[in-house]
Amino acid sequence: MSAASPSAPGPLFETAVVAGVGLIGGSVALGLRQRLLARRVIGLDASPEVLREAEALGVVDEVRAAPGEWLRGADLVVLAAPMRALAPLARELAPFLNPAALVTDVGSVKGGIAAEMERLGVRHFVAGHPMAGSERGGVTHARAALLENAVWVLTPTDHTPLTALSKARTLVEELGAAPVVMPPDAHDALVATISHLPYLASLALTHMVARDERLSLLAAGGFRDLTRVASGDPRMSRDMVVENKGALREALGRFRRQLERLEADLDEPEELLEAAREGKRTRDSLPIVRRSLLPQRHDLVVAVPDRPNQIGAVTQALGAAGVNIKDIEVLAIREDGGAIRLGLETPEDVASAATILQGEGFEVRGRG
């Protein structure tokens with residue numbers, strides 16, 4: 001190599017801590033190591049057996065069994081405990097966290113942990129949810145590829161610093177996943193419909209089979225595919241749906257109404273045929289890997305100072321005026337501030353949002 005050759009880029013983080021080295025936590029740790037995103041990856045877990053496996057498999061560089069002052073050296077902390085243990089873990093770690101460290105999590109429900117971290121005063125926390133998993137749990141099944149091409153939802157609050165959100169987006173992208181940004185309550189409502197509701201539906205169907213042995217004789221591949229999510233860890237699945245019970249109850253109500261409509265259509269064959277066609281169109285349009293995660297929007301770029309509540313100030317001003325934001329993206333962060341992109345529905349929304357935000361003192365510009 002010649003003297004003029006560029007040196008290799010440094011890692012994003014000096015010391016990363018993954019608290020909870022299971023399937024997802026282990027996959028994050030492997031991704032950090034394999035992609036050289038952290039100089040050192042520490043696995044924190046209360047289980048000595050898990051720690052032995054993680055170290056033996058090369059998932060982490062070193063292990064710790066309990067939090068302590070050593071945590072202050074970490075500039076990235078990933079909370080990867082099961083849902084029910086997530087808030088207690090956060091309370092255990094909070095006194096030892098470096099105030100400048102990026103802290104995130106991988107839980108499937110965001111409202112509760114976002115509120116808890118805010119209450120604990122962890123300022124650089126960005127709640128996250130990688131939409132990836134496997135029926136086989138544990139660190140022995142962890143793999144960095146599990147996260148590749150996965151949608152990874154980030155759910156900042158009104159008080160999330162732009163620098164923290166920007167770092168979290170970069171982390172997700174460098175792990176090979178696709179970041180999507182939305183508020184915590186919006187995430188929880190969507191996940192209730194596409195993840196938690198199917199789990200309860202699977203339970204209901206499998207319970208029907210369990211109560212009539214004749215049904216089990218006829219339940220073939222199609223039924224197994226439809227009820228696959230019922231094979232997940234029962235305790236973890238229980239905790240997941242209970243944590244999101246408010247949004248899940250609302251989704252169940254909509255599901256009941258859909259079933260009632262289909263029941264009524266049994267007496268209207270043409271209506272049922274149209275419902276079947278709509279179902280086929282929708283199912284067939286779901287790509288295995290999305291090349292474009294979100295539909296094309298009309299954009300407005302907003303220059304913002306790097307201080308707390310700037311995302312909240314923008315979204316609150318537009319929300320009060322009835323302007324619907326479809327997507328938010330952090331474009332750049334500088335010492336004196338940065339820029340965010342707002343994805344809006346129509347050109348009229350762009351013009352309206354520009355007028356509103358200029359009135360609030362923000363600098364804006366449209367982008368095609």
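Reader: Which residues make the nonpolar surface patch?
Author: In this predicted model, Phe 255, Leu 259, Leu 262, Leu 266 and Leu 272 make a nonpolar surface patch of about 420 Å².

Reader: And which helix gives the largest share of that patch?
Author: That's helix H10, residues 245-265, with three residues of the patch.

Reader: OK, where does Leu 266 sit?
Author: Leu 266 is in the loop between H10 and helix H11, which covers 269-284.

Reader: Is Leu 266 buried or exposed?
Author: Exposed: the cut-off is over 50% relative accessible area, and Leu 266 has 59% relative accessibility, so Leu 266 counts as exposed.

Reader: Back to H10, then. Which residues in H10 are buried?
Author: Leu 248, Ala 251, Gly 253 and Asp 265 are buried there.

Reader: What covers the buried residues of H10?
Author: The cover includes helix H6 (184-210), helix H9 (234-243) and H11.

Reader: How far apart are the end C-alpha atoms of H10, and what span should its 21 residues have?
Author: The end C-alpha atoms are 30 Å apart. At 1.5 Å a residue, H10 should span 30 Å, so the two agree.

Reader: Switching topic: what's the mean pLDDT of the chain?
Author: The mean is 87, and 91% of the residues reach 70 or more. Residues 1-8 are another matter: pLDDT is below 50 over that stretch, which has zero contacts in the model beyond near neighbours in sequence.

Reader: How many contacts does the model have for residues 289-296?
Author: Five, counting those beyond four places in sequence. Over residues 289-296 the pLDDT stays under 50.

Technical notes:
Residues are numbered from 1 along each chain as its sequence is written. This is a predicted model: local features need pLDDT of at least 70, side-chain atom pairs count only at pLDDT 80 or more; totals for chains, interfaces and linings use all residues. Side-chain values use heavy atoms; hydrogens and water are left out. Patches are made of residues with over 30% relative accessible area and no salt bridge: like charges are joined within 9 Å, nonpolar side chains (Val, Leu, Ile, Met, Phe, Trp, Tyr) within 5 Å. Accessible areas come from the Shrake-Rupley method with a 1.4 Å probe; for residues, only the protein chains shown count as cover. A salt bridge is a side-chain nitrogen of Lys or Arg within 4 Å of a carboxyl oxygen of Asp or Glu. Helices (H or I, at least four residues) and strands (E, at least two) are DSSP runs, numbered from the N terminus. Buried means under 20% relative accessible area, exposed over 50%, partly exposed in between (1.4 Å probe, protein chains only). pLDDT is the predictor's confidence in each residue, from 0 to 100. Contact means heavy atoms within 4.5 Å. The expected span of a helix is 1.5 Å times one less than its number of residues.
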